[in-house]
Amino acid sequence: MEAYKRWVRRNKDYVHSLESLANGMTWLLPERFSSSEIGPEAVTAFFGIITALNEHIIETSPSQPHLTHEEPSAFPYALCISALKDLETLVEVAAEHYYGEVKKWNFIAVTEGVKVLLRLALLRDSGYKMLLHGGETPNTDKDLSNSRAKPGGFAEPGGPYGPVHAHQRLSQRNLEGRALSALNRFGESARMVADPRWLQKPLSSSATTPSSPVIDKPALSTVLSQRGLYGSFFLFSELLFITRPLIYVLFIRRYGLRSWIPWFLSLAVDLTSMGILAQVTTTAQNNGRTRKHHLSLSENDETKRRKLLLALYLMRDPFFSKYTRQQLEKTEKAVEPIPVIGFITSKIVELMTGAQSRYTYMSGS
């Protein structure tokens, strides 16, 4: 296994090219959207898991600087979530084939429940930070030099400073920030001098290089008590985002796929989560001091991605059957006489209609 890891890390560009080719070829497999697609989906799941494993090997390479703070024995939540997402379509197809259209939702609910548990564990393990791509991408945007920042990237409620890197920028622009930085460095130096164990340690080569910092994982009570109202509402919005797919599936089991109740409830949960997130990341003035939960660049991108996922509601029943399908058919008929464009449009509509028939392709989870 170690030899395989070394090979993947040395040839990651070549591995990525092979993975892209293999994953693209799976869409050309026969019976892709027919009643007997267990075989093609099994092949797709296999290549997906191999891709996720290779990505995990590359991301955990010792040469990756953003992972130096991670513990080697940490549970690979991201890898498990990616593997489960690759398996979920196979689970859906096999459950429908052997147990029927109605009972397959029991298996889908179990799959979504496992993903919820993994994401909740990852949320706790990451210090209650925003999950990127559903937990498949580690959220490693942090800096430990700011003593005022709470664990997980939250600013102290009522304080003038946002997260760590925002405080660094402020410290270069005003006297108060420079004074705080100087006090912080003085405190670190005083702590090292006052530690007798540090005085007794002989100098070594490792003493001249910075060691990997240890991240204290805050408890839930810490989040609720120290991060204030902004941190509590941010955590609540993440919980809504994580549990939304499971709520959707459970209501489909209860009311059926053609009912508007699961569709509207799922949309309401998504909009509530995004609305809360927008409010807690909005700057508010309080006695001339700014209070704000700052989002990093990757978290801003994740917020935009979640907004784009709302487009999937156009592809979910009953909205798709009543509105979207008719518009696709009208477009297909309108461009059908045009030589190349008509053929391409027909294939695109066929793929979209086939993909829409699978919950896991349109779940956005």
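## Pro40 and the model

Pro40 lies in helix α3, where helices (H or I, at least four residues) and strands (E, at least two) are DSSP runs numbered from the N terminus. Pro40 is buried, with a relative accessible area of 12%; buried stands for under 20% relative accessible area, exposed for over 50% and partly exposed for what lies in between, with a 1.4 Å probe and protein chains only. Between the C-alpha atoms of Pro40 and Leu90, which are 50 residues apart along the chain, the separation is 9.0 Å.

This is a predicted model, in which local features need pLDDT of at least 70 and side-chain atom pairs count only at pLDDT 80 or more, while totals for chains, interfaces and linings use all residues. Residues are numbered from 1 along each chain as its sequence is written, and side-chain values use heavy atoms, with hydrogens and water left out.

## The chain as a whole

The secondary structure of the chain comes to 14 helices and two strands, and 36% of its 365 residues count as buried. Among contacts (heavy atoms within 4.5 Å) between residues at least 6 apart in sequence, 70% join residues at least 24 apart.

## Packing of α3 on α4

Helix α3 (residues 38-59) packs with α4 at an angle of about 175 degrees, and their axes are 8 Å apart. That makes α3 roughly antiparallel to α4, given that angles over 145 degrees count as roughly antiparallel, under 35 as roughly parallel, 65 to 115 as roughly perpendicular and the rest as oblique. The axes are lines fitted to C-alpha atoms, for helices over the stretch in contact, and the angles run from 0 to 180 degrees between N-to-C directions.

Among the residues that make this contact are Ala42, Ala45, Ile49 and Leu53 of α3 and Leu87, Leu90, Val93 and His97 of α4. The residues of the contact of α3 with α4 divide into 13 nonpolar, five polar and two charged, where Ala, Val, Leu, Ile, Met, Phe, Trp, Tyr, Cys and Pro count as nonpolar, Asp, Glu, Lys and Arg as charged, and the others, Gly among them, as polar.

## Packing of α4 on α9

The axes of helix α4 (residues 77-125) and helix α9 (residues 228-255) come within 8 Å and cross at roughly 170 degrees, and that makes α4 roughly antiparallel to α9. The contact includes Trp105, Ile108, Glu112 and Val116 in α4, and Leu239, Ile242, Leu246 and Arg253 in α9. Its residues divide into 14 nonpolar, three polar and three charged.

In the UniProt entry, which is unreviewed, the annotation "transmembrane region" covers residues 229-251 and 263-284; such annotations may be inferred rather than shown by experiment, and their positions are given in the numbering used here, with feature names shortened. In the model, residues 229-251 are 100% helix and 0% strand, with end C-alpha atoms that lie 31 Å apart.

## Nonpolar cores

The largest nonpolar core has eleven residues in all, including Tyr77, Val116, Leu123, Leu131 and Ile242; a nonpolar core is a set of buried Ala, Val, Leu, Ile, Met, Phe, Trp, Tyr and Cys residues joined through side-chain atoms within 4.5 Å. The largest share of this core, seven residues, comes from α4. A second, separate core of nine residues includes Leu240, Val269, Leu277 and Leu295.

Not counting residues up to four places away in sequence, Tyr77 touches Leu118, Ala121, Leu122 and Asp125.

## Glu302 in α11

Glu302 is found in helix α11 (residues 297-308) and is buried, with a relative accessible area of 2%. Leaving aside neighbours within four places in sequence, Glu302 is in contact with Met130, Leu131, Leu132, His133, Gly134 and Phe241.
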